[in-house]
Amino acid sequence: MTIAVTGATGNLGRLTVEALLERGVAPSDIVALVRTPAKAADLAERGVQVRAADYDDKQSYVDALAGVDRLVLVSSSTVGQRLAQHTNVIEAAKQAGVGNIAYTSILDAQDSPLALAAEHKATESVLIESGIPFTLLRNGWYWENYTEGLEQTIEHGVLIGASNDGKIAAAARVDFAEAAAVVASTEGHEGRIYELGGDERITKAQLAEAISAVGGKPVVYRNLSEADFAAALVEVGLPEGFAKILADSDAGVGKGGLDTDSGDLQKLIGRPSTPVATVLAAAL
């Protein structure tokens with residue numbers, strides 16, 4: 001059985017390839033789909049098939065998916081272009097005869113309050129309508145989303161946001177990658193929808209406490225309005241559009257958009273999720 005992974009040089013894609021290898025899948029049975037094969041030279045040296053494929057080029061995926069039985073479609077990072085890119089991959093997979101697609105979506109995609117969910121929701125519809133057997137991996141937030149600028153947060157002693165007292169059931173990126181590898185390499189997942197979240201369901205105030213414990217300095221959470229949070233992100237150098245997306249997502253936390261107690265992640269990987277303290281410590 002040949003398993004392909006899109007975006008295999010990206011953060012989640014590479015970890016998924018590594019997880020497949022760790023689970024004992026033969027390197028020759030893994031296809032790493034990448035835009036720039038040179039960036040996956042180390043995988044090729046280990047026996048993984050590396051094939052060039054670009055989300056924006058449907059034919060490149062038709063060619064690259066030849067002989068592939070199962071596909072892990074790691075969602076594109078290009079917000080605003082995801083639906084078109086994912087549609088290219090799904091249509092190419094159908095043309096190439098791929099037998100199953102596991103798609104990395106977002107928690108509660110069909111009813112999520114996050115603007116980010118719109119493209120995931122639409123992609124799920126395209127996948128379902130394609131007729132290809134599928135599994136939906138509705139990933140929660142990564143703890144790594146909070147490690148960018150972690151040292152500055154500790155230095156200033158303030159974590160800002162717009163999530164009020166909403167809970168975040170996040171996990172480490174490696175946890176979600178392992179779940180994808182389990183689904184791709186084992187049976188019994190066809191047609192399943194997994195809502196994936198971590199064991200720790202914490203507020204941003206509790207996250208600030210965790211940062212304080214790891215950093216050794218007091219850190220408090222300061223809640224802002226969504227507009228003020230977006231403005232603060234722009235002030236520290238983020239593009240306005242991206243800042244608005246992040247602020248919308250944080251406000252969505254306050255509406256329950258990134259919380260789940262499903263236990264699906266833990267059942268798939270057979271262990272508790274990686275603690276936030278572990279991820280924070282690794283980032284320092």
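A residue counts as buried when its relative accessible area is under 20%. With that cut-off in hand, I turn to the structure above, which is a predicted model.

Let me begin with D175, in helix α7. Its relative accessibility is 0%, so D175 is classed as buried. Which side chain does D175 meet in a polar contact? The partner is R271, whose side chain is joined to that of D175 at 2.8 Å. Leaving aside residues up to four places away in sequence, D175 touches R271 together with L265, I269, S273 and T274.

Helix α1 spans residues 11–22 and helix α7 spans residues 173–185; their axes come within 8 Å and cross at roughly 55°. At that angle α1 is oblique to α7. On the α1 side, the contact is made by N11, L12, L15, T16, A19 and L20. On the α7 side, the residues involved include R173, V174, F176, A177 and E178, and also A180, A181, A184 and S185. The crossing of α1 past α7 is right-handed.

A second pair is formed by helix α4, residues 82–96, and helix α5, residues 117–130. Their axes are 9 Å apart and the packing angle is about 15°. Are these two helices roughly parallel or roughly antiparallel? Angles under 35 degrees count as roughly parallel, and α4 and α5 are therefore roughly parallel to each other. From α4, the contact draws on R82, L83, H86, T87, I90 and K94. From α5, it draws on E119, H120, A122, T123, V126, L127 and S130. This crossing, too, is described as right-handed.

H120 sits in helix α5 and is buried, with a relative accessible area of 4%. Setting aside residues up to four places away in sequence, H120 touches S75, R82, Y103, T104, S105, I106 and A109.

T104, in that list, belongs to strand β5, residues 100–106. T104 is buried as well, at a relative accessible area of 3%. A polar atom of the T104 side chain lies 2.9 Å from the backbone nitrogen of S75. Beyond four places in sequence, T104 touches L12, L73, V74, S75, H120, L137 and N139.

I now move to helix α12, residues 276–283. Which of its residues are buried? They are V276, V279 and L280. Viewed down the axis of α12, these buried residues fall within an arc of 95°, so they line one face of the helix. As background, an α-helix has 3.6 residues a turn, so residues three or four places apart point the same way. The cover over the buried residues of α12 includes α6, residues 150–156, and α8, residues 204–215.

Finally, two loop residues concern the backbone. Most residues other than glycine have a negative phi. D108, in the loop between β5 and α5, has a positive phi near 50°. N164, in the loop between β7 and α7, has a positive phi of about 55° and is not a glycine. Both are partly exposed: D108 has a relative accessible area of 35%, and N164 has one of 49%.

Key
Residues numbered from 1 in each chain as written. Predicted model: local features only at pLDDT ≥ 70, side-chain atom pairs only at ≥ 80, totals over all residues. Heavy atoms only, no water. Helix = DSSP H or I, 4+ residues; strand = E, 2+ residues; numbered from the N terminus. Buried < 20%, exposed > 50% of the residue type's maximum accessible area, 1.4 Å probe, protein only. Polar contact = N/O pair within 3.5 Å; in protein donor to acceptor, adjacent residues only side chain to side chain. Contact = heavy atoms within 4.5 Å. Arc of directions from axis to C-beta. Axes fitted to C-alpha atoms, helices over the stretch in contact; angles between N-to-C directions. Parallel < 35°, antiparallel > 145°, perpendicular 65-115°, else oblique. Left-handed = near helix turned anticlockwise from the far one by under 90°.
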